[in-house]
Amino acid sequence: MPLYLALTCVSALLAVSVYAIVDRRNHDVSRNVYRLCIGLCGVLFLAAVMPRGAHVVSTALPLGLPWIGMHFRIDVLTAFFLAVVNLGGAAASAYAIGYGAHEKEPMRVLPFYPAFLAGMNLVVLADDAFTFLVAWEFMSLTSWALVLTHHHEEENRRAGFVYLLMASFGGFALLMAFGVLGGVAGAYDFASIRESTKEGWKTGLVLALALVGMGSKAGLAPLHIWLPLAHPAAPSHVSALMSGVMTKVAIYGFIRVVFDLLGPPAFWWSVEPMTFGAASALIGVLFATIQSDLKKLLAYSTIENIGIIFIALGLALAFKANGMALPAALAFTAALFHVFNHSLFKSLLFFGAGAVLNASGERSIERLGGLIHSMPKTAFLFLGGCVAIAALPPLNGFVSEWLVFQAILLSPSLPQWTVKLLVPAVGVALALSAALGAGCYIRAYGVAFLGRPRSEAARAAHDPDRWSLGTMAVLLTLCLMAGLLPSLLIDMISPVAKDFVGGRMPTQAELSWLSIAPVAESRSSYNGLLVFAFILFSAYSARWVIHKFGTARSRRAPAWDCGYIETSPMTQYTASSFAQPIRRTLGVIAFSVRDRLDMPAPGDTRPARLSVDIKDRIFDYLYAPLTRAVESCAAGLNILSLLTIQEYLALVFAALVFLLVLVAI
Amino acid sequence: MTLLFNILAQGVQMLLVLALAPLLIGFVRKLKARLLRRKGPPIIQPWLDLIRLLRKEVVLAENASWLYRWAPYLIFAMIWVAASLVPTFATGLTFSWSADLIAIIALLGSARFFLALAGMDIGTSFGGIGSSREAMFGSLAEPAMMMIVFTVSFVAGTTQLSEIAAYMVANMELRASVGMALVALLIVAIAENGRIPVDNPATHLELTMVHEAMVLEYSGRYLALIELAAALKLLLYLSLIACVFFPVGLASHDAGAEAMMIGLCAYVLKLAIGGGALALFETTTAKMRIFRVPDFLGAGLMLGLLATLLVFVTRSL
């Protein structure tokens, strides 16, 4: 029943796409499309959480390739990700009711938006390789179309090109992965793949290909270069969907292939996700720290969070391979918890960025400032998102990072030396990225929202409409709930952990005061609710005491600033000056950064100039040689396009003979 | 009855840290003055300053926002809660399980987050410079702290401070890894509290200041709260060092009033020793350049990492 309901909703989403094209002359089309999307996402969310009757529901529809059909299935993992996808989808649609009204070319968004939602749902529901890949490519293409919404800008066209290239590369890797999994016999439905036996080299190959394919969509370093270009290029609600939700679909794919289809893991499987996860976390957060484009900053921080999720998944693999069910469940739960959290606060932050962009026309925080006065409600909600994503208690980001740390603390009992020495290094990377993440959001919020306005646009900005504000408020409430009552969420995730890593965390609801204790209360416990209550109590009692026995009087006066009188808001600390200490201490390793000061000689009247060159090493050392190699290959192959007809025939014949010989052997 | 006693003990701890924190600052100041052959203000002077500030009218900058007015309360509350969760005279108090060591560190991180934001709210360049440097210190000190947490909890098998202290009391032995963690923690504590050689708590109107630059615009009760929070943070770090590395005399939560009194005396003595060491260290050291601080903190991070690796290696042999 829930499966058919879900599939009906997906087809309805596709129908909404068609409706958007048919009814394009109507003024209310944008509003109608987004309303329908909210409704359908809501029903899909219900389909995910409603009792399913059986543990697993599956069906095969006679669509697609003849004799094979399309298989769909809902199990606990699908249900979890279905819930995440549609929660994000519903939020983005609700936000877009207000935000979408400002779109200058709605026809470049409306037909693709419901289709994009449908594609993401189909990936999660798919139960055979064919359906999975078709849905995956559909999702890529619709999101590509959305990235090109504002195609008049050169930068966006380039983003679309890079995205298309990386998406096809990732899709190709996935095609190969499923090819190897399905084998020569070609049993491509997931049930047969699950039962088939896999040789050692095959698992290694599939693991690497899955990591490349899913990782390129999720934004795992070094395959992340398209993400900070493409995510910000789309309209903000689509950016939120791409960053908050589509990357999670990629995580789903990775879990499905590696934890489910590939069978019981070996310990070395954990090395790749952990290494690349740690690299992504660090690279993501360092680049986020030096960005001054608000949406790009958020996109880079997505890379960081994806890295954290992959670290947790790698840990889960290592524990699972050694039959340590409880730690594996802990790490796996931490990963899924972070998936849920990130989808909430990243959507919230992108919505906030969209509101700022709409109100001021500015994406660069260098020209903003003082928005807390002109957009007080947005400022409050955005602050909540920043606290959540910076992993600060009592909000939810902290809980999932705390769980990852607890999983790391269980790792000395792992028997393999490779993993044992890798884990502390990964732990440093995680701690460093958490701390840098906090600094990054201090900078983003402080420069954009606090201080004095740096431009007239920032001064004249205003809060967005009720729909946008309401959506952000709901997301922030959810963040707070997940932070204060994590035990409920952990208990919801634990059936997934039981099916996919073979163990479950102790039931958290049984603990007193709604606290969480992953292993045992004597080992570690955290109670967000109580900490929050303590903070509120302390703050209010301090206020009460001071107002009662001290004074509550205050007076406004010009800023003191050590007696200096600053006239221009341009004398404030800027985003790049804020990042300078970090750029200077860590930047040299991570990205080749060079500050150049051009100081004129005394008596010379030209102005002094400071220029900062920042180069992405990954781009310089990995992609640039790759591009050159492809170009030289293309130039070499160019002669093939100038052959005579006889030569072509000979070539085709030779190729045919070669392939036949290959098959015969 | 037991529950009442437990809650009472927790309440006593909350008020105790609050009362002692400014006295600790006063003690360190007095000692530093004596070491320089000055007479110095009385030990109770910080409390007198605070009371004076609380009675004064607040002068708010013209464009101060609500965040600027909330932040002192939040910062104070977060640090106070964190400080009351670190065992001082007794372990295993009623609410000690509501946050483990990682959560306590993160609470301090939250306080730092809001302090740095408050520094940027008025939009002066002093505030910005302080916030920016605080963010840099934090992003190096916090990972170092996490490495120390890793080491200690690998050794004790838990992240609950009370359990760690109990383990350390039961297994008194010299460990190289714990020693390294102690040195790393001292480095982090100096940096986090803005003491010499990282920052000078007595400085004003200098381009090298960090903490003072962030709170430059605060006055009256807001300034009092922030000063009190800073004092609590110093006390917290000293309590942490005392509880993890020198847990002598710590009473258990069910040990009765007499053991708790002994614990209290031991705690005050430990604070006095810690404060004395700090004063001695500060008078004999010069402040370092701002861009040498990352090296200093990096040393802490590396020591923490080495300690962690050492535990990993020795544990499995």
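Student: What makes a residue pair across the interface of chain A and chain B count as a polar contact, and how many are found?

Tutor: A polar contact is a pair of N or O atoms within 3.5 Å; within protein, one must be able to donate a hydrogen and the other to accept it, and residues adjacent in sequence count only if both atoms are side-chain atoms. By that rule, 31 residue pairs, both residues at pLDDT 80 or more, are in polar contact across this interface. The model is predicted: local features need pLDDT of at least 70, side-chain atom pairs count only at pLDDT 80 or more, and totals for chains, interfaces and linings use all residues. Residues are numbered from 1 along each chain as its sequence is written, chains are lettered from A and ligands numbered from 1 in the order in which they are written, and side-chain values use heavy atoms, with hydrogens and water left out.

Student: Why is the pair A:Arg555 and B:Glu57 called a salt bridge?

Tutor: The closest N and O atoms of A:Arg555 and B:Glu57 are 3.1 Å apart. A salt bridge requires a side-chain nitrogen of Lys or Arg within 4 Å of a carboxyl oxygen of Asp or Glu, so the pair qualifies. The count between chain A and chain B is 1 salt bridge.

Student: How do you know that strand 3 of chain A pairs with strand 1 of chain B?

Tutor: Strands (E, at least two residues) are DSSP runs, numbered from the N terminus. Two strands pair if DSSP finds at least two bridges between them; here there are 4 bridges, in the parallel sense. A:Ser554, for one, has B:Val58 as its bridge partner.

Student: What area is buried between the two chains?

Tutor: Buried area is the accessible area (1.4 Å probe) that two parts lose on being put together, summed over both. For chain A and chain B the value is about 7400 Å², with 72% given by carbon and sulfur atoms. In chain A, the residues losing the most area to chain B are A:Ile442, A:Arg556 and A:Tyr573, together 9% of what that side buries.

Student: Is A:Cys562 called buried or exposed, and what of B:Arg37?

Tutor: Buried means under 20% relative accessible area, exposed over 50%, and partly exposed in between (1.4 Å probe, protein chains only). A:Cys562 has 10% and therefore counts as buried, whereas B:Arg37 has 80% and counts as exposed.
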